[in-house]
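Student: Could we go through the strands of this model together, and test each term against its definition?

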Amino acid sequence: MPSLKDLKNRIASVKATQKITKAMKMVAAAKLRRAQEAAEAARPYSQRMSAVLSNIAAAVGSDDSAPRLMTGTGKNHTHLLVVCTAERGLCGGFNSQIARFARDHVRKLLAEGKTVKIVCVGKKGFDILRREFASLIIDRVDLREVKKIGFENADLIGKKIIGLFEKGEFDVCTLFYSEFKSVISQVPTALQLIPAAAPAEAVSTEAGATAIYEYEPDAGEILSDLIPRNISVQVFRALLENVAGEMGAKMSAMDNATRNAGEMINKLTLSYNRQRQAQITKELIEIISGAEAL
Amino acid sequence: MADFNFELVSPERLLLSERVSEVVIPATEGEMTVMANHAPTMTTIKPGIVTVKAADGKVTRYVVFGGFADILPTGCTLLAESAVPVSELDRSAIDKRIEATKAELAEGSHGDEYKTRLEQFLAELTQLNGIVVAA
C-alpha cells in the first residue's frame, strides 16, 4: 500500500504529464490545420501536372522516343523503396504502420529473389527498418531541420532518385507514404514512381483540343523535361500528406493520452482520499479509546 | 480587347487566377506573348520574368524558375517550379540558385547532356539576375 505522500507525488506527476500531452495535442491541431492547408494549396499543381502529362503521353505514344524514366529499364530485378515517415514519434501507430507496410513489401520482394534497396526519408522509419534490413538501406534523407516542407525538399529527393536511376542502380522505384484520409485514419500507400504507371486517361473535356496541340520544343523533349518534375511533385505530395497524417495521428494519440491521464488522476485521487479518511478514523479511535481507558 | 483566363501555379500554391488581356512568357525557344484565342500550345519555360497584363490594364511581373505552360484558346496555365512577384523577390534567392547550380556543375558526375543543360540553366539564371538587378 503506497503511503499518502507517495500517492500525492504520483498525482502531481500524472497531472504534469497531462498538461504536456494536452499542450502537444493543441500544437498538433494547429499544425494539422496548416498542413492541411498546404496540402490543399498544392493540389492544383499536381492535378494540372497529371492532366498535361497524360495529354503529352498520348501525343508521344508508346514509341521508342518515350524517355526511359517512363518506360523503365525493361527489367524488373532491382527495386528501390523510398520510405517516407515522420521525424518524430509520439504519434500513435503512424510510423510503425508505414514501416510495417514497407517491411511486408520488402519481404515479399526478397522472397521473389529480387534485389532491394531502401532510401529512408524521416528518422523514425530509418530506426525501425534498420533493425531488419540495415544492409539494404543505401541512403537516408533527414528533414528534421526543416520547419515547413517546401518544394525544394521534395525536389532534392526527386533528383536523388533520378540520379540513382541514371546510374542504373535500380529498375523499379516505389514510394511509400501515408495517405491522409481523415484525422483519425491514415492509410499506408505504395506508389510506383519509375517506370511511371501510365497516367489514367484524363477526363477529356477538351478532347478536341488535344489533337492539334503545338509543341515547342517537340513533345518528346517536353516529356523528358516533365517526367523528372512529375517525380518531384509526387514526392512533394507524399511528404505533405505525410505531415498532415502525422499531425492527425499525433493529435488523436495525444487526445487519448490526455484522457488516460485524467482517468488515472481520478483513480489516484479516490484512493488518496480513502486512505486519508482511514487515517483520520484510526487517529480518532486511538484518542477515544485512550480517553475511555482513563 | 478580348480577355482570357490565366493561371499561375507553383507546387506550393495557386498564385494567380484571373482574367487577363495578355501574358508574356519566357519560353525556352524565345519569349512569347499570349493573347486570347491563341493556338493550343505546350511549351517549356526558362528562368525569366512573366509579365501579366490584367483585363483592367494593371501590369504585374513575376519571376519564375523554369516550368512549362499549357496554352489553350480559352485560357493559359503556367506551371512554374517556383514563382515570386518581382517586388517580393529576395535577390539572394537567385544567388543561391546560381551557387547551387555551379556546385552541381563542378561536381561533374553527370552525363554530357545533363551538363549542357545545367550550363544553359546557369546562363539563364545569370541573365535573369542581371535583369532583376537593373530593375
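Student: What makes E4(B) and strand E7 (residues 67-72) of chain B a pair?

Tutor: Two strands pair if DSSP finds at least two bridges between them, and E4(B) and E7(B) share five bridges in the antiparallel sense, so they count as paired. Strands themselves are DSSP runs (E, at least two residues; numbered from the N terminus). Within this pair, B:Thr44 stands opposite B:Phe68 in E7(B).

Tutor: Please keep in mind that this is a predicted model, in which local features need pLDDT of at least 70 and side-chain atom pairs count only at pLDDT 80 or more, while totals for chains, interfaces and linings use all residues. Residues are numbered from 1 along each chain as its sequence is written, and chains are lettered from A in the order in which they are written.

Student: How do you know which strand of chain A joins E4 (residues 41-45) of chain B?

Tutor: Three bridges link E4(B) to strand E6 (residues 214-216) of chain A, and the two run parallel. A:Glu214 stands opposite B:Thr41, and A:Tyr215 has B:Met42 as its bridge partner.

Student: How many residues of chain B are in contact with chain A?

Tutor: Contact requires C-beta atoms, placed from the backbone, to lie within 7 Å, and 21 residues of chain B are in contact with 23 residues of chain A. The largest share of the chain B side, four residues, comes from E4(B).

Technical notes
Two residues are in contact if their C-beta atoms, placed from the backbone, lie within 7 Å.
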